[in-house]
Amino acid sequence: MSDDHTHVQEFFGARAADWDTRFPDDGPVYAAAVTELGLREGDRVLDAGCGTGRALPPLRDAVGPSGVVLGADLTPAMLEAAVRAGRDRDGQLLLADVAGLPLRSGSLDAVFAAGLIAHLPNPSENLRELARVVKPDGTLALFHPIGRAALAARQGRQITPDDLRAEPNLRPLLSGSGWRLTSYVDEDSRFLALAVRLP
């Protein structure tokens, strides 16, 4: 396992048990972001870096009983917390790395990724892997329940020009990884970048 993976697992593993209690009011903004993804009944969707599975219930609601919802995370403790919360009823949980997903190419309609991009060791390669598993014209939502400035303030830091989530950085990163940015919102209450997989 790489140092990046070990760091991510240690960071999130130590916080998994009380993760949901630290952010108890995020449910509505998760549901709103899932709505903007434009899923339809019967779609197949992956929550990449699903953590405790907070997006799984609205994803299940969006695709209905005939759809497929997968949640993949690198940290076993986060998946265990998702099971304790009963969210495994809304989607199949996978212990998996977004750098090499155990999914067929073009098998999904969409990917939802909350808070993921800042934790990717190789963002271009990792976004390319997400593009691989989505069919042409499939969609990607890069989401965070608070905006970049609010997140930086919460973490006691300043936004820097090299922030991957800044639109001037994110747009070329996505286009070089098989995606086209279609919508970008960065407000105190949320960050949401929507992209479509290039053919």
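A polar atom of the Ser-107 side chain lies 2.8 Å from the backbone oxygen of Arg-104. The structure is a predicted model, in which local features need pLDDT of at least 70 and side-chain atom pairs count only at pLDDT 80 or more, while totals for chains, interfaces and linings use all residues. Residues are numbered from 1 along each chain as its sequence is written, and side-chain values use heavy atoms, with hydrogens and water left out.

Ser-107 is found in the loop between β3 (92-95) and β4 (108-114); helices (H or I, at least four residues) and strands (E, at least two) are DSSP runs, numbered from the N terminus. With a relative accessible area of 10%, Ser-107 is buried; buried means under 20% relative accessible area, exposed over 50%, and partly exposed in between (1.4 Å probe, protein chains only). Leaving aside neighbours within four places in sequence, Ser-107 is in contact (heavy atoms within 4.5 Å) with Arg-44 and Val-133.

A search of the whole structure finds four aromatic pairs. Rings of Phe, Tyr and Trp (its six-membered ring) pair if their centres lie within 6.5 Å; planes under 30 degrees apart count as stacked, over 60 as edge-to-face and the rest as tilted. One of the pairs, Tyr-30 with Phe-112, is tilted, at 6.3 Å centre to centre and 45° between the planes. Because Tyr-30 belongs to helix α3 (residues 27-36) and Phe-112 to strand β4, this pair ties together parts that are 82 residues apart in sequence. Tyr-30 is buried at 6% relative accessibility, and Phe-112 is buried at 0%. Another pair, Tyr-184 with Phe-191, is edge-to-face, at 5.5 Å centre to centre and 85° between the planes. Here Tyr-184 is partly exposed, with a relative accessible area of 21%, whereas Phe-191 is buried, at 2%. Ring pairs also link Tyr-30, Phe-112 and Phe-143 into a cluster.

A nonpolar core is a set of buried Ala, Val, Leu, Ile, Met, Phe, Trp, Tyr and Cys residues joined through side-chain atoms within 4.5 Å. The largest such core has 30 residues, and those with the most contacts inside it include Leu-46, Leu-142 and Trp-179. Among the elements that give two or more residues to this core are β1 (44-48), α6 (123-132) and β5 (134-144). Residues up to four places away in sequence not being counted, Leu-142 touches residues including Leu-127, Leu-174 and Phe-191. A second, separate core of 19 residues includes Tyr-30, Phe-112, Ala-141 and Phe-143.

Terms used: Polar contact = N/O pair within 3.5 Å; in protein donor to acceptor, adjacent residues only side chain to side chain.
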